Amino acid sequence: MVTLADVAQHAGVSASTVSYVLSGKRTISEVTKQRVERSIKELGYHPNAGARALASSRSNIIALMMPLRTDMYVPVMMEIAIAVATNAREHGFDVLMLTGEEGPSAVRRVVGSGLADAVILMDVELEDARLPLLRESGRPAVLIGLPAQTAGFTCVDLDFAAAGSLCAEHLAGLGHREIAVIGEAPAVYERKTGFAERTMDGLRSRARQLGLRVLHRPCEGTYAAMASAVGQIFTERPDVTGFVVQNEQAVEPLLSLLRQSRRAVPEDVSVVAVCPEHVALQGSVRLTSVTIPAREMARRAVDHLIAKIDGRADDEVVLLEPQLAARASSGPAPV
């Protein structure tokens, strides 16, 4: 392992000079600085993380709080996490992932230990118990999600209310008047998870304006759960001709059940999904969908967080505009 003394000897300077170049605590001539930096690069020297943190009061670590719950679609969570880690590395930061469902205790541990310079929160609830502690800590933070009260935080998310509104507009424009929403698992709504609540708020509001009747059914997404939900929907509302799905795991069971009931997509029933693009494109029918821009949300979150760490940004809410792509799963309502 290359040491600081090795760099000093290679550059022909004292060890303290190398240390000052690394910490920036003293002014070093540009010629000497370049010589030291050249030696660091040639020798492949990496400063000890603990020593660097003591010298700069920074750990260059971002804590990513991402509870991995069985009722959430883990692939899209991991896509965001990978994009956060990739973009953080471009800024010289590493990412510490906290995947447990610890809530406030995880915030206390991160803030109290000084493990991380800043925090990114995912799976944000409308009344999230982690937020008061994070607000009090003064630690730079960005939320990938939108709570009920955003004061004191920077939030980055898809505008899910607008996404729900788009789904209603699309189906109404095709002549549908009775629609059913296959939602996330019941526990997601019990926690009042922000993205799910806001999607339904936007969809219901636009549906009222357009004269649509809406039936919402939270669902686990398994085939058995979907069979029960779809059966109940057609029993209660036999005239349903449009489905909106905000549950990636429910997509294929729904399409299969519609085929079994001799309802053709889109001739008899139209299906619109709020989901990642790969889910929309890889199904047995190419789905009309509002895409969840996971990588873009992650990139924006990291960029805003780095700006906050450097003191270059104030708190703000950044909502990405949803885009609906019409594909093979939606068509005119049957006469």
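In this predicted model, serine 329 has a relative accessibility of 0% and therefore counts as buried, the limit for that class being under 20%. The residue belongs to the segment that follows strand 12 (324-325). When neighbours within four places in sequence are set aside, the contacts of serine 329 comprise Val265, Pro266, Val269, Ser270, Val271, Val285, Arg286, Leu287 and Thr288.

One of these contacts, Val271, is also named with Phe243 as having the most contacts inside the largest nonpolar core, a set of 79 residues. Helix 14 (residues 294-309) provides the largest share of this core, with 8 residues. Beyond its neighbours within four places in sequence, phenylalanine 243 is in contact with Leu171, Ala180, Ile182, Ile233, Phe234, Leu254, Leu258, Val269, Ser270, Val271 and Val272.

A search of the whole structure returned 1 cavity of 30 Å³ or more. The volume of the largest cavity is about 300 Å³. Its lining consists of 21 residues, and Met72, Met77, Ile80, Phe160 and Phe195 are those nearest the centre. By class, 13 of the lining residues are nonpolar, 4 are polar and 4 are charged. At least two lining residues come from each of helix 5 (74-90) and helix 10 (194-210); helix 5 contributes the most, with 3 residues.

How values were computed: Residues numbered from 1 in each chain as written. Predicted model: local features only at pLDDT ≥ 70, side-chain atom pairs only at ≥ 80, totals over all residues. Heavy atoms only, no water. Helix = DSSP H or I, 4+ residues; strand = E, 2+ residues; numbered from the N terminus. Buried < 20%, exposed > 50% of the residue type's maximum accessible area, 1.4 Å probe, protein only. Contact = heavy atoms within 4.5 Å. Core = buried A, V, L, I, M, F, W, Y, C linked by side-chain atoms within 4.5 Å. 1 Å grid on protein atoms, 1.4 Å probe; cavity = no way out; pocket = protein on both sides within 12 Å on 5 of 7 lines; lining within 4 Å. Points joined across faces, edges and corners; volume = space filled by probe spheres on them. Nonpolar A, V, L, I, M, F, W, Y, C, P; charged D, E, K, R; others polar.
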